Amino acid sequence: SNPFEVKVNKQKFDILGRKTKNDVGLPGVSRSKAIKKRNQTLLKEYKEREKTNVFKDKRFGEYNTKITPEEKMIRRFTLERQQNYGKKNIYNLNEDEELTHYGQSLAEIEKLNDIVDSDSDTEERGTLSAELTAAHFGGGGGLLRKKVSSEQQDEEEEKPKSRKELIEEMIAKSKQEKQERQTRRESALELTEKLDKDWKEIQTLIARKTPKSERKDKEVEKPKPDEYDMIVRELGFEMKAKPSERLKTEEELAKEEQARLQKLEADRLRRMRGIDEEANKKRPSHMSADDLADGFILDKDDRRLLSYKDGKINIENEEEEGEEEEEKEGEEEEEEGEEGDNENEEESQEESAGEDEDDATDGHSDLESDLESEGEAAENKEEEKDKTNENESQNVEKLDPKREAAKSELPYTFAVPESYETFKSLLAGRTIEQQLIILERIQKCNHPSLAVGNKAKLEKLFGFLLEYIGELATLDLPELRTIDKLVLPLYNLCQMFPEAASDSIRFILRDAAHDLEEVIEVKGRAALPGLDTLIYLKIVSLLFPTSDFWHPVVTPAFMYMSQLLTKCRITTLQDVIKGLFICCLFLEYVSLSRRFVPELINFLLGVLHISLPKSQAQGYTVVHPFTPVGKNLELLLVCDKEDLKSWEKQNVPLSIVTRLKEASRTEINHTRLSCLALCFDLIKKCAVLYESLPSFHEIMHPVRILLTKHMPVNEYPEKMQEWYHSALKELENKVKHYTPLVYEKKKPVPLKQYTPKIVKVLEFGRKQAGSKKEQERKQLIQRHKRELKGAIREIRKDNQYLARMQLSEIMERDAARKRKVKELLGSLATQEGEWKAMKRKKWKN
């Protein structure tokens, strides 16, 4: 090939994965380029086929197509600045930041023209004399080779100056220049001060006060400020924002709360023991002989008001006040004595030892006074004993109420109970407010951030609280108000430990569902559960989100409630009340997700069915657990006209389930009517909830037929008729046929229009066969074939290339193996020859 015909397209940089536009040349050149490209791409992948390290581009916005490249660059730049900002760039002066010195910017300081008071700084700052520069920057030889004037040359010819003399002369000259500069500066300062004084004297002569008349005219002439000016001034005088304190973390808040409760508990225990802390603070426990009473403070005013009684000075009040003060002092001394007997003994021993040492060093001048004071002290002790006995009896009477009040208070710190019995005993005999305070203090004193094992303890507390709520619900008179208040600490614990809370509630639901299945297998039918299980189902809706498509706690509860409404037979009025409660729970669960619950509609239809007389309960179908025939058919039927008239609409409490056996016939009839009214209300809510369903008419059709054709409305009281008509109105207003949207099977045929038929003609005059779509289809098929052929060709070449690489690796391995085998055989042959030679020598010998 002619080298002048070879076309080579060079690149400055080789970038993997980038396709070049003009990468075409002669066959040999293109083949070498293809091999080179395969070496860079395919061979690299083949060698790294078993490696797991991958380069990932983690730049901000790299794979986000919604952000423009300019925004990417700006955000990357800001992120880089934020990462680099900190301790590393404190001394970086290349950034465009305002530098300050003592709160003032350096740019403003440089503009000031103040006189510098320093002696070292001159007006011509930065300038150096020629001699000094020659001495320091011209080298040491410059001083010796210094040029002198023509007059001094004759004198210095005889005796040249040494380096030391020259340096001393230069220092003297610099000091002289400095002195001159200082005198000039001082003279300038004196002149400026004199000028200021003269100006002040002249200024008093120049100033002229304007008369009041002119002032008034000027004030009148002044224009009023605009709103804009007023706003600007307000902004100028407005207080600038100050940085607030940082928000404390959850751990810091928990530690502070624990410390506060521990302090309060210590104060309570001190009050229980009758220890008064203020008395200890007022008077020290011991007074040493060397005490000069430096810290004495006069706390109260001893002066008394002068009072007269019957024309004489009233002295009794003063005596009474004095006696009260003495009694108080006696009480304080006794309290201090009870508190710090041990401390005082130790201190007295130490001080007595110190006093003995001091007495040994001093003279014996104090012995006589000590002997005299011993007799007086013995007499005073007997009097003090009588007083202390009286004061102790009074002090006990005064401290007993404080101790009782301290004992009656709740402790401020609690440990988490290890068993349910201890937990129950902790709350037993307490009011609901006290129980809530105890639970709150248990959580605060044992926060998970304060110790390692607190998390497991509080998770146990959640289970104990659940069990306690279930026990309150199973009482003869269930304490529903207490349960309502206890839901709040239960919710707080659930927010702290959601996994443990979900596991414990799921365990309860699993046991209840398992018991239900066992009873159904044995007896074939089961009764509705007790109040504790129903309350647990209500608690589930308060603790967990009910609108999720699937939830680990709510979904099993949902399934369990649907089983209760379909598998538990309704035999008593209590079962009806429980079933209606479950229906209310269903509506609460589904209020946001609007999920369709067929068990709910079926149960409401069954409640309407058992409220009809047997003669009218025909013409419709009833699904299990309700039966069209049986003894439990007329559970909600009320025939007594007096009870119908005296009935008033009221809510059906859940606690009535335990009191129905003791209720009278009138109360039972009123409960039946209230259940029927509740059923009408639930039907109305279901109609509002499911109005957007396409099959709403089919779903609510049985309920509407039963209400319109079978219900004896005229026999019910007026209020019941109102509830009935409102439910029926909701059903009739929402009855609409929603036809679902369906794609048409055939496209509509367009109308014929008189438009010209355009036929594409080729350049050489022949018509192209087929329509435009067929032409495009043929072009696509042809392009696909061409691309497929090219892809197959490239795949074959890649396979051949890989096969060559694999063959070369195999050949290299084989060659290495052959070489090693030859080396081994050669070494064995030499060993064999040496062995034979040794054998021959032995035979010869």
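Biologist: How far is the sulfur of Cys675 from the closest cysteine sulfur?
Modeller: This is a predicted model, in which local features need pLDDT of at least 70 and side-chain atom pairs count only at pLDDT 80 or more, whereas totals for chains, interfaces and linings use all residues. Residues are numbered from 1 along each chain as its sequence is written, and side-chain values use heavy atoms, with hydrogens and water left out. A disulfide requires a pair of cysteine sulfur atoms within 2.5 Å. The closest cysteine sulfur to that of Cys675 belongs to Cys679 and is too far for a bond, the separation being 9.4 Å.

Biologist: How many disulfides does a search of the whole structure find?
Modeller: Cys675 is buried at a relative accessible area of 0%, where buried means under 20%, exposed over 50% and partly exposed in between, with a 1.4 Å probe and protein chains only. Cys568 also counts as buried, at 1% relative accessibility. Over the whole structure, the number of disulfides found is zero.

Biologist: Are the rings of Phe423 and Phe464 stacked, edge-to-face or tilted?
Modeller: Rings of Phe, Tyr and Trp (its six-membered ring) pair if their centres lie within 6.5 Å, and planes under 30 degrees apart count as stacked, over 60 as edge-to-face and the rest as tilted. By this rule the structure has nine aromatic pairs. In the pair of Phe423 and Phe464 the centres are 6.1 Å apart and the planes stand at 35°, so the arrangement is tilted.

Biologist: How many residues apart in sequence are the parts that the pair of Phe423 and Phe464 ties together?
Modeller: Helices (H or I, at least four residues) and strands (E, at least two) are DSSP runs, numbered from the N terminus. Phe423 is buried at 0% relative accessible area, and Phe464 likewise counts as buried at 12%. Because Phe423 lies in helix H16 (residues 420-427) and Phe464 in helix H18 (residues 454-473), the separation in sequence of the parts tied together is 41 residues.

Biologist: Over the ring of which residue does the charged end of Arg595 sit?
Modeller: A charge sits over a ring if NZ of Lys or CZ of Arg is within 6 Å of the ring centre and within 35 degrees of the ring normal. One such case is Arg49, whose charged end is 4.1 Å from the centre of the ring of Tyr46. For Arg595 the distance to the ring centre is 5.5 Å, and the ring belongs to Phe558.

Biologist: Which helix supplies the largest share of the lining of the largest cavity?
Modeller: On a 1 Å grid over the protein atoms alone, a cavity is a set of points where a 1.4 Å probe fits but cannot get out, and lining residues have an atom within 4 Å of a point; grid points are joined across faces, edges and corners, and a volume is the space filled by probe spheres set on the points. Of the four cavities of 30 Å³ or more, the largest holds about 60 Å³, and its lining includes Phe558 and Arg595. By class this lining has three nonpolar, three polar and two charged residues, with Ala, Val, Leu, Ile, Met, Phe, Trp, Tyr, Cys and Pro counted as nonpolar, Asp, Glu, Lys and Arg as charged, and the others, Gly among them, as polar. The largest share, three residues, comes from helix H22.

Biologist: What is the phi of Arg594?
Modeller: Arg594 is placed in the loop between helix H23 (573-590) and H24, and is partly exposed at 44% relative accessible area. Although Arg594 is not a glycine, its phi is positive, at about 55°.

Biologist: Which residue is joined to Pro625 by a cis peptide bond?
Modeller: Pro625 is found in the loop between helix H24 (598-610) and helix H25 (641-646). Omega of the cis bond is about 15°, and the partner of Pro625 is His624.

Methods. On a 1 Å grid over the protein atoms alone, a cavity is a set of points where a 1.4 Å probe fits but cannot get out, and a pocket is an open set with protein on both sides within 12 Å along at least five of seven lines; lining residues have an atom within 4 Å of a point.
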